[in-house]
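Let's take a walk through this model, looking at how some of its side chains meet. Have the sequence and the 3D view ready.

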Amino acid sequence: IWTKTVGDGADGAPAVPTGVSTVGAFIGNIAISRDGRRLGWTSMEITGHVLARSGLDESPTPRITALTQGTGIRYTNPIPGRDGRVLMSGNRPGLGFSVHLLEADGTLRPLAPHPPGHTVTQWTPGGEAMVLTSHAEGPGVYALDPATDRERWLFGLRDIPWPEHAQQSSAGPAMNLAFASRFDRVALSIVKDGRPNLWMFGLKDLKPDGTLVQRTFETGGASYPAWSPDSRAIAYQCAEGTDMHVCVVDADTGARTQITHEPGQSWIGGWASDNDTIIFASRRAAIWNIATVSRRTGVIRQLTHFTDATGFVRYPRWDDAHTRVLFERSEAVGRVWSVTLPQ
């Protein structure tokens, strides 16, 4: 918290003091007492961890284990590999996101700890981590070698053939950029005419080939694409009023199907290896849980049974190497602070 005297003749907002970061402050609702002697504010701290739920059965008492631990840190967006390793993003307030690797033996270590922030998208066919970051070449996609921490430039966001007067969705940029399993196409959420929709472009040697096609035409918006394992379909979040649903679009024809219809929030995670089961974060009656829905039948199955409204779940993914579902489970803690101002 910093103060600035009003009417001191300075123009504009006060400069941020040297060495102070404004990112990830989680401070709000600033108020001053009527006598001007005390200042109050609220703060929020999020602690999040990656959990594993065995199998896809609809057990009322599923086996859930924590893969990460600690306080004041958020681990999120787990991406399992075929060899049993798991990539994930992690951050502490004010430090930005970095990439972490969970080894098959349970050892967790950071990758590319140097700035700027790195957010992970998925594995490359050769076992590298595809990350979204910005270096001298500008913001773009790099391949990060877990063994050496060396980064290999793939392509810049400027290399994507953006539509006129459009931009990438600012909500979770790394999660709104999805590579097909054959790495021949990319789906991403692009905001044009005030709403996000899914577009696709081709890849050649892991670089944009210059093609671009709009694949969804949602009036409420489409975001967070997730390719089916066979690369034939894309699941995504489609908005209907204040509700969010699971929708699927055929990657070749553009045929669109809405899979969920219940009031609430259905936030896309990924697919199981059967190309039918879609895993998502489900908010019903103010409670977040992990659920699945069949693309073929529309049947929903609940995989977790959390009851605490202060917690939330995100980014569930199927881990074929261990036949389990990985997901983030986080809790937010709010506090009220006050300080006596100098007279």
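What follows covers aromatic pairs, charges over rings and a disulfide.

A word on ground rules: this is a predicted model, so local features need pLDDT of at least 70 and side-chain atom pairs count only at pLDDT 80 or more, while totals for chains, interfaces and linings use all residues. Residues are numbered from 1 along each chain as its sequence is written, and side-chain values use heavy atoms, with hydrogens and water left out.

Let's begin with the rings. Searching the whole structure turns up six aromatic pairs. Rings of Phe, Tyr and Trp (for Trp, its six-membered ring) pair if their centres lie within 6.5 Å; planes under 30 degrees apart count as stacked, over 60 as edge-to-face and the rest as tilted. Take Phe 155 and Phe 179: their ring centres are 6.4 Å apart and their planes sit at 50 degrees, so this pair is tilted. It links distant parts of the chain, with Phe 155 in strand E11 (residues 151–156) and Phe 179 in strand E13 (residues 177–179), 24 residues apart. Strands here are DSSP runs of E, at least two residues, numbered from the N terminus.

Phe 155 also pairs with Phe 201, this time edge-to-face, at 6.3 Å centre to centre and 90 degrees between the planes. Since Phe 201 belongs to strand E15 (residues 195–204) and Phe 155 to strand E11, the pair ties together parts that are 46 residues apart in sequence.

Phe 179 is buried at 4%, and Phe 201 is buried at 1%. Step back, and ring pairs link Phe 155, Phe 179, Phe 183 and Phe 201 into a cluster.

Now for charges over rings, meaning NZ of Lys or CZ of Arg within 6 Å of the ring centre and within 35 degrees of the ring normal. Arg 314 lies over the face of Trp 288, 4.4 Å from the ring centre. Over the ring of Phe 306 sits the charged end of Arg 329, 4.2 Å from the centre.

Last stop: the whole structure holds one disulfide, defined as a pair of cysteine sulfur atoms within 2.5 Å. Cys 238 and Cys 247 form it, with their sulfur atoms 2.0 Å apart. The torsion about their S-S bond is about 70 degrees, so the disulfide is right-handed. Cys 238 is buried at 1% relative accessibility, and Cys 247 is buried at 0%.

Definitions and conventions: Helices (H or I, at least four residues) and strands (E, at least two) are DSSP runs, numbered from the N terminus. Buried means under 20% relative accessible area, exposed over 50%, partly exposed in between (1.4 Å probe, protein chains only).
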